[in-house]
Amino acid sequence: MTCHADSLTDAWGRIVQVLLGCIAFSILVLKRFQEKPRRPLKIWWFDTSKQALSAGLIHIMNVVGSIVLSSHTKLTDTCIWYFMSILLDSTIGLLVVYLLLRLSAHLVAKHKWNELRSGVYGYPPSVKRWIKQSAVYLGICILEKLLVFVLMMADFWQTLGERILSPLGHMSDRLETMFALLIAPFIINAVWFWMVDNFLMKAETSREKSLHLRAYYGRRHSGDRSTDYDMLLQADNDSDDDDSSDEDDEDEDVFDARSQGSR
């Protein structure tokens, strides 16, 4: 038996996919409780929702791509195509996403596009910033997925996928579907979500993260709803130009002055 196009979209396939989504999201919930310090709930939700959107988009592209490839190539097993797609996503694709995130962080810092700084949403956290940052991340994921589809055309990957999944397919179509859509993706997505969540947080420098958290909690306690992070970041950038040796002290002065003013 082989996994056909309907195997990914029938009732059994949909149940497996929904179960995978719930389990995958639980990884990010578990990661939140391991964080020290822990991100504020709304910031954590903004960060993880980026991954939820990208995971949904990539999953749809994987399903559609697997069906299309199985219809136009000698390899007609859609589960093998899907399995190889997520396998490449979590290896070569993960490296591509990391490099593109680092490149985008460099460009954002160089051009001072503050609203695009990954994981920084201001206080109160701005939906507008989240939308812009999500658009950048989705664009990165689309580029990664297109590259993976090109790599999948190599005979090597098709042969590897057949050797891994064909024994399961001979035993049961549902068993192959379960392994390709749930068991393997669970392990792979756990690694992907955990690593990419770190990438999204670390795309900003440690100094920017410090400024962001100081601004967030300072404004939260004072009740002032102005964009304190932008003021701190601008002052920090100015201090780099004037005197890099005193930058940390100047950052503290700016933050203290703004906090006292808000009271």
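Contact, in this talk, means heavy atoms within 4.5 Å. Keep that in mind for everything that follows.

What you see is a predicted model, where local features need pLDDT of at least 70, side-chain atom pairs count only at pLDDT 80 or more, and totals for chains, interfaces and linings use all residues. Residues are numbered from 1 along each chain as its sequence is written, and side-chain values use heavy atoms, with hydrogens and water left out.

First, the overall layout. The protein chain has 10 helices and zero strands. Helices (H or I, at least four residues) and strands (E, at least two) are DSSP runs, numbered from the N terminus. Of the 263 residues in the protein chain, 46% are buried. Buried means under 20% relative accessible area, with a 1.4 Å probe and protein chains only. Take contacts between residues at least 6 apart in sequence: 74% of them join residues at least 24 apart.

Now the cores. A nonpolar core is a set of buried Ala, Val, Leu, Ile, Met, Phe, Trp, Tyr and Cys residues joined through side-chain atoms within 4.5 Å. The largest one has 24 residues. Tyr82, Phe83, Met152, Leu165 and Ala180 have the most contacts inside it. Which helices supply at least two residues each? They are H2 (11-34), H3, H4 (78-111), H5, H6 (155-171) and H7 (173-202). H4 gives the most, with eight residues.

Look at Leu165. Leave aside its neighbours within four places in sequence. Leu165 then touches Cys79, Ile80, Phe83, Glu176, Phe179 and Ala180. There is also a second, separate core of 12 residues, and Val97, Tyr137, Ile140 and Cys141 are among them.

Next, helix packing. Axes are lines fitted to C-alpha atoms, for helices over the stretch in contact, and angles run from 0 to 180 degrees between N-to-C directions. H3 (residues 41-72) and H5 (residues 127-152) have axes that come within 9 Å and cross at roughly 30°. H3 is therefore roughly parallel to H5. Angles under 35 degrees count as roughly parallel, over 145 as roughly antiparallel, 65 to 115 as roughly perpendicular and the rest as oblique.

Then H3 and H4. Their axes are 8 Å apart, at an angle of about 135°. So this pair is oblique. Where do they meet? On the H3 side, the residues include Ile58, His59, Asn62 and Val63. On the H4 side, they include Thr78, Trp81, Tyr82 and Ser85.

Notes:
Buried < 20%, exposed > 50% of the residue type's maximum accessible area, 1.4 Å probe, protein only.
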